[in-house]
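Hi,

Here is the structure I promised to pass on. Have a look at it first, and then read my notes below.

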Amino acid sequence: MSQKPVTGYELSVPVYVVDDDESVRDSLAFMLDGYDINVTTYAGGPSFLDNAEIMLPGCVILDSRMPELRGQDVQAILTQCNSPLSIIFLTGHGDVSMAVDAFKSGAVDFFQKPVDGEKLVQAIMLAADKSVARSQQLSALLSYQSLTEREQDILLLLVQGKRNQQIADILCIAVRTVEVHRSSLMKKFQAKTIAELVLQYGLAIN
């Protein structure tokens, strides 16, 4: 009999399971299916890194000890390339120092096999939220880094609540120039309102 899915939550990001043990992959996939969570499984770090959408939000459940690439090695690669993926470690050989290292490197949780389904799902839910937030922050940061120096000046004044005419006076430029840069800022941050623009700025500099 399958377990009841966690209610009141819809998972909006993919979940990956990376483990060299086929029986573990199948078991986790079956268990999570009981919670209406579909997973994509990989037999090792290289195949996961080559095929998964690692630059999009998601959650990866990583075995810590695998041939070729350990889970910690995969984590280091994801961190190096600024992947927004959240990581949950599973291990049959866990110890305190390994768990501490995983958390210090940004893992959301760390479980020893066999893992309790309810606890794992709760960790996945948290991981999904963190990954989406991280992705939004990275997107805002990239948008900010693409700005010209003039656009940065105007953005800062907009965040301070200055109007177009005030910005033009402060920077000694035409109001039309401010309007053009303001339009460019809205497009780069994909913002429809000044409030959204301010939010994106906050994410970028946080």
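Leaving out residues up to four places away in sequence, Phe103 touches Val108, Asp109 and Phe110, where contact means heavy atoms within 4.5 Å. Phe103 sits in helix H4, residues 96–104. (Helices are DSSP runs of H or I with at least four residues, strands are runs of E with at least two, and both are numbered from the N terminus.) With a relative accessible area of 42%, Phe103 counts as partly exposed; the scheme calls a residue buried under 20%, exposed over 50% and partly exposed in between, using a 1.4 Å probe and protein chains only. Ile87 is 16 residues away from Phe103 along the chain, and their C-alpha atoms are 9.6 Å apart.

Before you go further, some housekeeping. This is a predicted model, in which local features need pLDDT of at least 70 and side-chain atom pairs count only at pLDDT 80 or more, while totals for chains, interfaces and linings use all residues. Residues are numbered from 1 along each chain as its sequence is written, and side-chain values use heavy atoms, with hydrogens and water left out.

Now the overall picture. The protein has nine helices and five strands, and along the sequence they run β-α-β-α-β-α-β-α-β-α-α-α-α-α. The radius of gyration is 22 Å, well over the 17 Å that the globule rule gives for 206 residues, so the protein is more spread out than a compact globule. (That radius is taken over C-alpha atoms, and the rule is 2.2 Å times the number of residues to the power 0.38.) Along the principal axes, the C-alpha atoms fill a box of roughly 65 × 35 × 30 Å.

There are two domains: domain 1 covers 15–138 and domain 2 covers 147–205, with bounds from an automatic or database domain assignment. Their C-alpha centres lie 39 Å apart. Of the 206 residues, 43% count as buried. Among contacts with a separation of 6 or more, 64% are between residues 24 or more positions apart.

What about Tyr201: is it buried or exposed? Tyr201 is buried, at 14% relative accessible area. This residue belongs to helix H9, residues 194–205. Neighbours within four places in sequence aside, Tyr201 is in contact with Tyr144, Leu155, Leu156 and Val159. Arg176 is 25 residues from Tyr201 along the chain, with 23 Å between their C-alpha atoms.

A few backbone details are worth a look too. Which peptide bond is cis, with omega near -5°? That is the bond from Lys113 to Pro114, and Pro114 lies in the loop between strand E5 (109–112) and helix H5 (117–145).

Then there is Asn82, a residue other than glycine with a positive phi, near 60°. Asn82 is in the loop between helix H3 (71–80) and strand E4 (86–91), and its relative accessible area of 41% makes it partly exposed. Cys172 also has a positive phi near 60° without being glycine. You'll find Cys172 in the loop between helix H7 (164–171) and helix H8 (175–188), where Cys172 is exposed at 69% relative accessibility.

Cheers
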